[in-house]
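Dear colleague,

I am handing over the structure that we spoke about, together with some notes on what I found when I went through it. Please keep it open beside this message while you read.

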Amino acid sequence: MKNDIILAGVGGQGILSIAAAIGLAAVNNNLYIKQAEVHGMSQRGGDVQSHLRISDAPIASDLIPAGKADLIISVEPMEALRYLPMLSKDGWIVTNTVPFINITDYPQPEEVLAQVNAVKNHIAIDAEAIAKEAGSARAMNIVMLGAASLFLDIPFGKIEEGIRQLFGKKGNDVVELNLKALRAGREFSEKNR
Amino acid sequence: MSKLLMLGDEAIAQGAIDAGLSGVYAYPGTPSTEIMEFIQGSKQAAELNIHRQWSANEKTAMESAIGMSYAGKRAMVCFKHVGLNVAADAFMNAAVTGVNGGLIVVSADDPSMHSSQNEQDSRFYAKFAMIPILEPANQQEAYDMAYSGFELSEKLNVPVMLRITTRLAHSRADVLRKEIKKQNDIKLPSDPRQFVLLPAIARKNYKNLLLNQPAMEMESEKSAFNSYIQGTNTDMGIIATGIAYNYLMENYPDRNCPYPIVKVNQYPLPKKQIAELYNTCKSIMVLEEGYPIVEEMIKGFLNVGKPIHGRLDGTLPRDGELNPNIVAKGLGMTVTEGQAVPSIVKQRPPSLCQGCGHRDVYEDLNEALKEYGTGRVFADIGCYTLGALPPFNAINSCVDMGASITMAKGAADAGLVPAVAVIGDSTFTHSGMTGLLDAVNENAPITVIISDNSTTGMTGGQDSSAHGRIVEICKGLGVHPDHIRVMTPLKKNHEENVRIMKEELAYQGVSVLIPQRECIQTFARRKKSEKKESND
């Protein structure tokens, strides 16, 4: 198996925590992993992406070849579109629908969503609303992880374990909140696939 | 030993710690910053009492590392490629002094300029200094090279360069650790004059460096980091250096490349393996990240003999980092492509944080300068460089660390008065102080704004060397105390700050304005950790 994933968003939106949770789950599942991050200048409100590769065989490149990504997970809808050249023909987009507008020429949000809907395989999820329902808007990225988990070749239990590991230090309440967010995201994908 | 998931930078840090490192010296710069940050955060490094504080700049870092090597201990110095320019004087001479304790110089190159002013290739510097280079292809090699690099350095009596590029620095994969070695004891150099580069001694040392070259080549030829991989199709032979090897193999899902390959991860180039490839194959393809340094070496001046392909002949792009698709195209393979980016997708450039003090400084400055018109603000390298972008469009230059003050002085010398320099607190101590002294010595009519956010903001908030002492430093350099003006860049002070700026712009001598307000990122982090401590 191999899962080649592009994680997309804007600097400061927490995409690296999504990567860390998947990474932990993959390592706990004895899979190979490579994850390339963007640091530095681009983080200052600019677009940020991470290439995350998981495989049961050794991985060569830290970067995913264009047109070969199986999944784009984006915490912002316009950023999901930015990486369409990376997505394979049968790949999935899982994106948050809430725009992050820090530029003056951000396109009409409806137009952005129309473009997302034009992609054959997509899940568009209002992750903020679902996170709030689960207990905290800040768990938005974990809702996204839950929604995307349906497309990962990692047992859901292992992802739950990764969440417990990632938030364990912060206490049981934080763990439970994030597990709730994770499951809510997963449920949304199962219903809307 | 345990398996860890690590960035390339972190793998280097852990490899060095496990190899008996006694001190690391560095100035932050993307993509090298995380090496020092990892060692600073490492419990093991704290227990081993490894020196791990930021230096004022790359030159002081390099020199401190040479000093630690002089004392017989293992030292590492880390910076980004352009930082090596700052350290170059000491770096070049360290090859001539040689080492006592092992010395690793980590230079992190940034092809594609993700966060840099140029793409320069540090391998040229190592070749210039005639020392070996280790260039890992993956995180495990990064660990292994930091681990064994000190030994190579001690064996060959030269510093060893560990060269990485952005992608590996900032990519995570699993790393297997080796057993922990003890630090060296203090031991003075056996030749008491080894580190004295008086001409007579330097000439002798330099001859030794030249005589040492065959030994370096031999080490490369027998290095486990270099390998000759057989192939069935000898129409082409491939030289793949560093991370380029990964991009090559990505195009062969079964990992069976038909062409013979020399995988190069240690330099000087392994002559024996390269010669074998050249003699076996009809043409050569060179895959390397950065400049076409290997390609130039193989090609030679007259370009006689077999075809050599790479970045020079246009088979690969001359600039930018490599990736699997670029390599595939170069090899004539068909590549996959996804859908086009919809035209509605807009650029999202980086920008100053909302609430950042630099924003207020630029708003004040733009207004204060209105009567003089635009085109007279020389800036520097840091977060405040983003003042070049809308909505501020406030600065007209950004050349290298420290260039703001000296460029303003040069422009003032030319008659552009007033000329303004904008520099951050960390950059000021990195390379601004000497330029300010030049300006003071000639009482140049310039206005220097040291926008002090009490940290090295662009790289994530590292300690700034002159924290709390900027005013005293300016006084000490001879700026008249009446023309050192401290202000607080806040909306409510806008009018007062504009007034102060106008007064100093009109002054026909050196003035220093110091707007002081902590970086909002470090402020938020500090408050959070203080709150956590009071709760614990």
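In which sense, left-handed or right-handed, does H15(B) cross H19(B)? Before I answer, please bear in mind that this is a predicted model, and that everything below describes that prediction.

The two helices in my question are H15 (residues 357–368) and H19 (residues 494–506) of chain B, whose axes are 9 Å apart and which pack at an angle of about 55°. As for the answer, H15(B) passes H19(B) in a right-handed crossing. On the side of H15(B), the contact is made by B:Val361, B:Glu363, B:Asp364, B:Leu365, B:Glu367 and B:Ala368, while H19(B) contributes B:His494, B:Asn497, B:Val498, B:Met501, B:Lys502 and B:Leu505. If you sort these residues by class, you will find six nonpolar, two polar and four charged.

Two helix pairs in chain A can be read in the same way. Helix H5 (residues 140–149) and helix H6 (residues 156–167) of chain A have axes that come within 11 Å and cross at roughly 160°. Since an angle over 145 degrees counts as roughly antiparallel, that is the term for how H5(A) and H6(A) lie to each other, and their crossing is right-handed. The residues that meet are A:Ile142, A:Leu145 and A:Ser149 from H5(A) and A:Phe156, A:Ile159, A:Ile163 and A:Phe167 from H6(A); six of them are nonpolar, one is polar and none is charged.

The other pair is helix H4 (residues 127–134) and helix H7 (residues 172–192) of chain A, with axes that come within 9 Å and cross at roughly 135°, which makes H4(A) oblique to H7(A). Here too H4(A) passes H7(A) in a right-handed crossing. Their contact brings A:Ile130, A:Glu133 and A:Ala134 of H4(A) together with A:Leu177, A:Lys180, A:Ala181, A:Ala184 and A:Phe188 of H7(A), and these residues divide into six nonpolar, no polar and two charged.

Turning to the sheets, I would begin with the open one of eight strands, which has mixed pairing and takes strands from both chains in the order E6(A)-E5(A)-E4(A)-E1(A)-E3(A)-E2(A)-E7(B)-E1(B). Its edge strands, each of which pairs on one side only, are E6 (122–125) of chain A and E1 (3–7) of chain B, and the twist from one strand to the next averages 20°. Within this sheet, strand E1 (residues 2–10) and strand E4 (residues 69–74) of chain A run parallel and are joined by four bridges, with A:Leu7 standing opposite A:Ile73 in E4(A). Helix H1 (residues 15–28) of chain A packs on the sheet, where it touches E1, E2, E3 and E4 of chain A as well as E1 of chain B, and its direction makes about 5° with that of E3(A).

Strand E5 (residues 133–134) of chain B pairs with E11(B) in the antiparallel sense over two bridges, and B:Leu134 stands opposite B:Gln266 in E11(B).

Over all chains the structure holds 44 salt bridges, and one of them is formed by the side chains of B:Arg172 and B:Glu10 at 3.6 Å, N to O. B:Arg172 lies in strand E7 of chain B and B:Glu10 in helix H1 of chain B, so this pair ties together parts that are 162 residues apart in sequence.

Finally, there are some backbone details to look at. Most residues other than glycine have a negative phi, and most peptide bonds are trans. The bond from B:Thr30 to B:Pro31, however, is cis, with omega near 10°, and B:Pro31 is in the loop between E2 and H2 of chain B. B:Val417 and B:Pro418 are also joined by a cis peptide bond, with omega about 0°, and B:Pro418 lies in the loop between H16 and E15 of chain B. B:Met113, which is not a glycine, has a positive phi of about 50° and is found in the loop between E4 and H6 of chain B.

Notes: Residues numbered from 1 in each chain as written. Chains lettered and ligands numbered in written order. Predicted model: local features only at pLDDT ≥ 70, side-chain atom pairs only at ≥ 80, totals over all residues. Heavy atoms only, no water. Axes fitted to C-alpha atoms, helices over the stretch in contact; angles between N-to-C directions. Left-handed = near helix turned anticlockwise from the far one by under 90°. Contact = heavy atoms within 4.5 Å. Nonpolar A, V, L, I, M, F, W, Y, C, P; charged D, E, K, R; others polar. Pairing = 2+ DSSP bridges. Salt bridge = Lys/Arg side-chain N within 4 Å of Asp/Glu carboxyl O. Parallel < 35°, antiparallel > 145°, perpendicular 65-115°, else oblique.
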